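User: Please take a close look at one part of this protein for me. I would like the surface first, then the element behind it.

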Amino acid sequence: KILKGHKVPDKAVPLKYVPKQHATKHRESLGITPPIRPPGLLDGLKFEASEMLKRASAKLRTTRMESMKAAIIILLTALHSFVTSTIFQLFSCEDVLGYDLPFLRADYRLSCFDGLWNAHLAGALVVMFLFTLGLPLSFLILVRRRFNQRTIACANLKAAYLAAHPVNAPDDPADEAVA
């Protein structure tokens, strides 16, 4: 037991009673040396660990972004048929006996070719061209772009493989028959 105000030589004080800032000095006074490590080894490991962490977080961000893109594509695809059928209902008009203008089949309160129908028509044409036709065309463009990227990548791999492993074709087919 160490009493307050009582001085004990450093060598007699157990390590657990020495403050942390003096622990290294205490170990050296006892002749205990810290293990020798090559300079920079742990620093390199710390750097590698931080780089791995950065790559993992970037991959996680990329994975989140890809899953958001996939969710949006699934949502747009699910809504496509509903929106398209609703848009095309605006063009389905039916003649009703006793009235001059035809009425909209989806809603008999609206008569076709009047001011309100023309206002709906303008919005419907925009949605029809941007969504009804634009979504499948954008999917086609994305699929073709991805296909072309993979085709180029496969061609590059094939060229690299053939460059690394040349085929020794005989100059004359008759030589091959003799051998």
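Analyst: This is a predicted model. Start with Phe91. Phe91 is partly exposed, at a relative accessible area of 35%. Phe88 also counts as partly exposed, at 43% relative accessibility. The two rings form one of three aromatic pairs in the structure. Their centres lie 6.4 Å apart and their planes meet at 50°.

Phe88 and Phe91 belong to a nonpolar patch on the surface. Leu125, Phe129, Leu133, Leu137 and Leu140 complete the patch. Together the patch residues have about 660 Å² of accessible area.

Helix α3, residues 115-164, gives the most to this patch, with five residues. Phe129 is found in α3. Its relative accessible area is 52%, over the 50% cut-off, so Phe129 counts as exposed.

Other α3 residues are covered. The buried ones are Trp117, Leu121, Ala124, Met128, Phe131, Thr132 and Leu135. An α-helix has 3.6 residues a turn, so residues three or four places apart point the same way. Keep that in mind when reading the two lists.

Now the helix as a whole. α3 has 50 residues, and at 1.5 Å a residue they should span 74 Å. The end C-alpha atoms of α3 are 72 Å apart, which agrees. The helix still has a bend. A kink of about 50° lies at Gly134 in α3. The proline Pro136 follows shortly after Gly134.

Methods. Residues numbered from 1 in each chain as written. Predicted model: local features only at pLDDT ≥ 70, side-chain atom pairs only at ≥ 80, totals over all residues. Heavy atoms only, no water. Patch = residues over 30% accessible without salt bridge, like charges linked within 9 Å, V, L, I, M, F, W, Y side chains within 5 Å. Areas by Shrake-Rupley, 256 points an atom, 1.4 Å probe, with all protein chains shown as cover. Salt bridge = Lys/Arg side-chain N within 4 Å of Asp/Glu carboxyl O. Helix = DSSP H or I, 4+ residues; strand = E, 2+ residues; numbered from the N terminus. Buried < 20%, exposed > 50% of the residue type's maximum accessible area, 1.4 Å probe, protein only. Expected span 1.5 Å × (residues − 1). Bend = angle between axes of the 7 residues up to and from the residue. Phe/Tyr/Trp six-rings, centres within 6.5 Å; stacked < 30°, edge-to-face > 60°.
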